[in-house]
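Reader: Please show me the model. Then I will ask about the terms.

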Amino acid sequence: MRPSDPWGRLKVLKNRHNGSYTWQVIAGSATLGLVVAAGAVLAAGPWDNGQRKAERALAVTADRTGGAHHGRPTPDGPRPAPSAPAVLPALGTTTHDAPRDATALRDTLAPLIGAPELGDRVTASVIDTATGEQLYGTGATAPMTPASTIKIATTTAALSVLGPDHRIATTAALSRDARTLTLIGGGDPTLSEAALRSMAADAAKALREGGGDGEGEAEDPAGPVRLTYDISRYTGPVLHPISPNENIAPVTALMVNEGRLNDTDRGPAKRTDDPAGDAARAFAAQLAKAGVEVTGAPREARPADGARTVATHHSAPLAALVERTLTNSDNDIAEALARQTAIAKGESADFAGARRAVTNELRKLGVPVTGAHLADGSGLDRDDRVTPALLTALLARAADPERPGLRPVLTGLPIAGFSGTLGGRYGDGSEGTGLIRAKTGTLSGVNSLAGTVVDPRGRLLAFAFLASGSRSATEAEPALDALATALARPAAE
């Protein structure tokens, strides 16, 4: 009998004593345990909406402070984070049904919207996501260059069409005679060396196990292979209008690590001018390590008729790709998501097809697309145009309880002072630190901020501030941050 075998232990009990008596003891003990547990639950008080009332009362009365109030730091330790104002009122005293006073909000934002640091034109929209009511607006329906805030539109459309669980597949197909292996790009810009290594191992195994499919099998199925690569899933120009540029690689259906020539995974970086060819050569190297001889240099070609899939790699779920796109303002993933949307909608997988597909999907979601021009998926194109009202409507759709599949649009937004492109903004003592989630946008002379904040009444607000004509981002960004922070601040008495 093994010590960890509980059933064997019961067997020993039965052998040592009368079997029926032993089971009576066990049954009695179990009954007593249930009585004690039930008493503990009753003592804790009744349940209300998933929480014991006793716990709720304790939460309301507890003196909850945070940040700098979490004890005394050591002399040589880091400074504690500053305490943030309450995000929600105490449980049991919520004012969720009390809307924000639009007049007071207008008085609060009016002097901030006119900050000279924002340039010569500023438009804005602030809405209550629960009701869709616009609480503040100035030029809310005016098309503006959005910069990277357009990624809110790109990611929302992709989630709406494909769903949060969708994965982008990269495959390898072996010809019937087992002499040609084709690496087929599916459009995953996050494909990694590790993924290619795993695919190479699977392809090598298939070759060793016979290679052919029974019709014209190879005389030597484990012999050398030619390597080709297929990038036909995407069409049209591979270069973005601003390319070559360290903010985006050529847009192809096959690349490794976004075509970066260093080990970074975000931000500007020198990019290869041949991401597909580099990916194929990297795959050839992995095949060699797996014991497969590759003859000649990889060349571009579609798989042979009758080729069968021998290796597959799936990207992270679309929900994770969306979050990464928004948090890091990832241009390569944004363009990939726009093309994946185009393919799913039956459009051409190029800039023009992506524009049509995303726009049509936004129209299907019932958001105001009048004046919108989605020239690309990333916001790097200065021909892009969106309105503040469109961005806040999209954020409200993502917050809709009836549309849980769009939630990654909200969870992927950078957090003020903590993550992504807002990690270095909202310094010590800022009232907005940790309370604001927003997508940033920056081009020369263009600055934008769009996201969500829970106001002091406990209501989720969506906001979009789009500015043009600013002299510098270092001046405009604090002014945008001040506008968002004002939404989290209690109204003046």
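Author: The questions below take up a pocket and a helix pair.
This is a predicted model, where local features need pLDDT of at least 70, side-chain atom pairs need pLDDT 80 or more, and totals for chains, interfaces and linings use all residues. Numbering starts from 1 along each chain as written, and side-chain values use heavy atoms, without hydrogens and water.

Reader: Why are α4 and α13 called roughly antiparallel?
Author: Helix α4 (residues 102-113) and helix α13 (residues 473-488) pack at about 165 degrees, with axes 10 Å apart. Angles over 145 degrees count as roughly antiparallel. The pair is therefore roughly antiparallel.

Reader: Which residues of α4 and α13 meet?
Author: Contact means heavy atoms within 4.5 Å. Leu 105, Thr 108, Leu 109, Leu 112 and Ile 113 of α4 meet Ala 482, Leu 483, Ala 486 and Leu 487 of α13. By class, eight of these residues are nonpolar, one is polar and none is charged.

Reader: How much space lies in the largest pocket?
Author: About 450 Å³. A pocket is an open set of points on a 1 Å grid where a 1.4 Å probe fits, with protein on both sides within 12 Å along at least five of seven lines.

Reader: What makes up the lining of the largest pocket?
Author: Lining residues have an atom within 4 Å of a point. There are 24, and Asn 247, Asn 328, Ser 329, Asn 331 and Thr 421 are the closest to the centre. Strand β10 gives the most, five residues. The lining has three nonpolar, 12 polar and nine charged residues.

Technical notes:
Grid points are joined across faces, edges and corners, and a volume is the space filled by probe spheres set on the points. Helices (H or I, at least four residues) and strands (E, at least two) are DSSP runs, numbered from the N terminus. Ala, Val, Leu, Ile, Met, Phe, Trp, Tyr, Cys and Pro count as nonpolar, Asp, Glu, Lys and Arg as charged, and the others, Gly among them, as polar. Axes are lines fitted to C-alpha atoms, for helices over the stretch in contact, and angles run from 0 to 180 degrees between N-to-C directions. Angles under 35 degrees count as roughly parallel, over 145 as roughly antiparallel, 65 to 115 as roughly perpendicular and the rest as oblique.
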